[in-house]
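Reader: I'd like to learn how to read features off a model like this one. Could we go through them one at a time, general idea before the case at hand?

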Amino acid sequence: MNVAIVVDTSGSMSERDAGMTRSDGTPMSRIEALRESLVPVMDLIEEDYQTSLVEFNSSANVVHPLTEVDNVARSELKGSVRGLVAGGGTTIGGGMRLGMETIADESGEKTMILLSDGKENEPPYVDNVLPEIRNAGIKVFTIGIGADIDEQQLKYIADQTGGDVEIDPNIEELRRFYFELAEDAQNRQTLSSAEERLDQGDRIEDDCKVDSSCEDAQFSLSYEGSDMNLIVVDPNGNEIVERGDVAHREGGAHEVWSVKDPEPGQWNYEVEVIQVDAPQETLTQATADSTVDGELFVSDDLYEATGLLRIQLLVSEGFERYVGANAHAEITPPSGANDDIIELSLDDNGSGPDDITNDGIYSGYFHPTEIGEYEFKTIVEGGEYEELKREFIDHVSVSTVIDSPAKPYQSEASYFDIIQEYGPLAGALILMAGVMYTVLRWLEPTNESV
């Protein structure tokens, strides 16, 4: 895995509108916020991955060449980030091209992380460089910083390369995005994740299943500051400590444990609050480098006609589909808490919402009953790897509620139900959309998202 981090150090990055404050309460500049938030990311990058750091203003410059990450390289990268200063014009295309050149000739997957306000005023421009980026197979994840962001530009870059975007995040949103970004940019798989608000004396526990396909496991904690501990316990009940196959990294607001060749079974981890001045949002996550991966698609293509969202979880191992597992969705409604989670089975049996038996696509229909944003957490378990458990999350906003949904969201219903109730045209539309959607998944199983 090769990651190029490309950062904007132009004069506009000196503006104090990043939405973050220093310890004395004064506002940070964009470049200060960039430095403050990017340093912890270095601890989320696993050893043996290769990372470079490129800055751009009126021209582009390699701050740190592509280097295989270890403790020394990680420390050097953090020092390079802390030394970034703002000044000059802006050539986003120039920064992207140089970032590409640091990783283009390397084997393995290639990813770029771009941090900028999105405004360019000097060549080469983004449009001149994007074809090269796409041809090199590089995904670009963009982060917009500041109050005056060219949102359309940053979204365009991410969309054109298959990446993702975060615009003007507050500190909690940025920490959450970095967690997701560290997973996506390194092609890691989520074993479990949680977000909790913790106060003095609180203690939370979580667990995950590590299977024999996992070459490593990473347990990470991110919080606002103060003093918290992340404790990890292996399947034998032993609290892990730093040693040859276990690495430990921490900073002022994060902590990471990395385990090479972890023992299969249930791992437990907990967060212990030592001292906080006020309740804090905390993020915990367990990820792995595994051959089993998946993509979650929540489609609203026929929502207006049927009142149904279609959930499809595509699970694969390498170039083969992963079949014989059990899958379900845990859906949190806009007004809901943990007690309001809706559980829904996802099937790969060729009936109801599922088109083809044993094709590794686990499907279900869901009928929203309120307006707002829903969280869809899908979980797949078992199959060839008995201990396997993976989580995949997506969010979908619903602006209208259809009071009388079509019947096929019930797993035992057939397409004839909707034909009888809504007429042959509606039934044909759903059948045709289902077939086309499945064909597209077969043709491009990893390149599309909804």
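Reader: How many aromatic pairs does the structure hold, and how do I describe one of them?

Author: In general, you describe a pair of aromatic rings by the distance of the centres and the angle of the planes. Here there are six aromatic pairs. Take Phe366 and Tyr374: their ring centres are 5.6 Å apart and the planes sit at 70°, so this pair is edge-to-face. The cut-off behind that call is that planes over 60 degrees apart count as edge-to-face.

Reader: Are Phe366 and Tyr374 buried or exposed?

Author: Phe366 and Tyr374 are both buried.

Reader: Before we go on, what does the protein as a whole look like?

Author: Its secondary structure comes to 10 helices and 22 strands. Of the 450 residues, 51% are buried. Among contacts with a separation of 6 or more, 72% are between residues 24 or more positions apart.

Reader: Now charges. How many salt bridges are there?

Author: The general idea is that side chains of opposite charge can pair when their charged atoms come close. In this model the count is 19 salt bridges. One of them joins Glu32 and Arg22, with 3.1 Å between the closest N and O atoms. Glu32 belongs to helix 1 (residues 30-38) and Arg22 to the loop between strand 1 (2-8) and helix 1, so the bridge ties together parts that are 10 residues apart in sequence.

Reader: What is the relative accessible area of Glu32, and what is that of Arg22?

Author: Glu32 has 18% and is buried, while Arg22 has 28% and is partly exposed. The cut-off for buried is under 20%.

Reader: Which side chain does Asp117 meet in a salt bridge?

Author: Asp117 pairs with Arg30, at 2.8 Å from N to O. Asp117 lies in the loop between strand 4 (110-116) and helix 5 (126-135), and Arg30 in helix 1, so this bridge links parts that are 87 residues apart in sequence. Asp117 is buried at a relative accessible area of 2%, and Arg30 is buried at 3%.

Reader: Where do the partners Asp211 and Arg390 lie?

Author: Asp211 is in the loop between strand 8 (203-210) and strand 9 (214-222), and Arg390 is in strand 22 (residues 389-398), so the pair ties together parts that are 179 residues apart in sequence. Their closest N and O atoms are 2.9 Å apart, and both residues are buried. Elsewhere, salt bridges with shared partners join Asp43, Arg74, Lys78 and Arg249 into one network.

Reader: And what about a buried charge without a salt bridge? What surrounds Asp348?

Author: Asp348 is buried and has no salt bridge; Arg321, the nearest side chain of opposite charge, is 7.9 Å away. Asp348 sits in the loop between strand 19 and strand 20. A polar atom of the Asp348 side chain is 3.2 Å from the backbone nitrogen of Asp359. Leaving aside neighbours within four places in sequence, the contacts of Asp348 include Val323, Asp354, Ile356 and Tyr362.

Reader: On to the backbone. What should I look for in the torsions?

Author: Most residues other than glycine have a negative phi, and most peptide bonds are trans. Asn358 has a positive phi of about 55°, and its place is the loop between strand 19 (342-346) and strand 20 (361-366). Asp261 also has a positive phi, near 45°. Asp261 lies in the loop between strand 12 (254-260) and strand 13 (265-275) and is exposed, with a relative accessible area of 64%. For the peptide bond, look at Pro123 and Pro124: they are joined in cis, with omega about -5°. Pro124 is in the loop between strand 4 and helix 5.

Reader: Last one: where is the pLDDT below 50?

Author: Where pLDDT is low, the predicted coordinates should not be read in detail. The protein averages a pLDDT of 85, and 85% of the residues score at least 70. Residues 409-416 are below 50, and this stretch has 15 contacts in the model beyond near neighbours in sequence. Residues 445-450 are also below 50, again with 15 contacts beyond near neighbours in sequence.

Conventions: Residues numbered from 1 in each chain as written. Predicted model: local features only at pLDDT ≥ 70, side-chain atom pairs only at ≥ 80, totals over all residues. Heavy atoms only, no water. Salt bridge = Lys/Arg side-chain N within 4 Å of Asp/Glu carboxyl O. Helix = DSSP H or I, 4+ residues; strand = E, 2+ residues; numbered from the N terminus. Buried < 20%, exposed > 50% of the residue type's maximum accessible area, 1.4 Å probe, protein only. Phe/Tyr/Trp six-rings, centres within 6.5 Å; stacked < 30°, edge-to-face > 60°. pLDDT = per-residue confidence, 0-100. Contact = heavy atoms within 4.5 Å. Lys, Arg positive; Asp, Glu negative; His and termini not counted. Polar contact = N/O pair within 3.5 Å; in protein donor to acceptor, adjacent residues only side chain to side chain.
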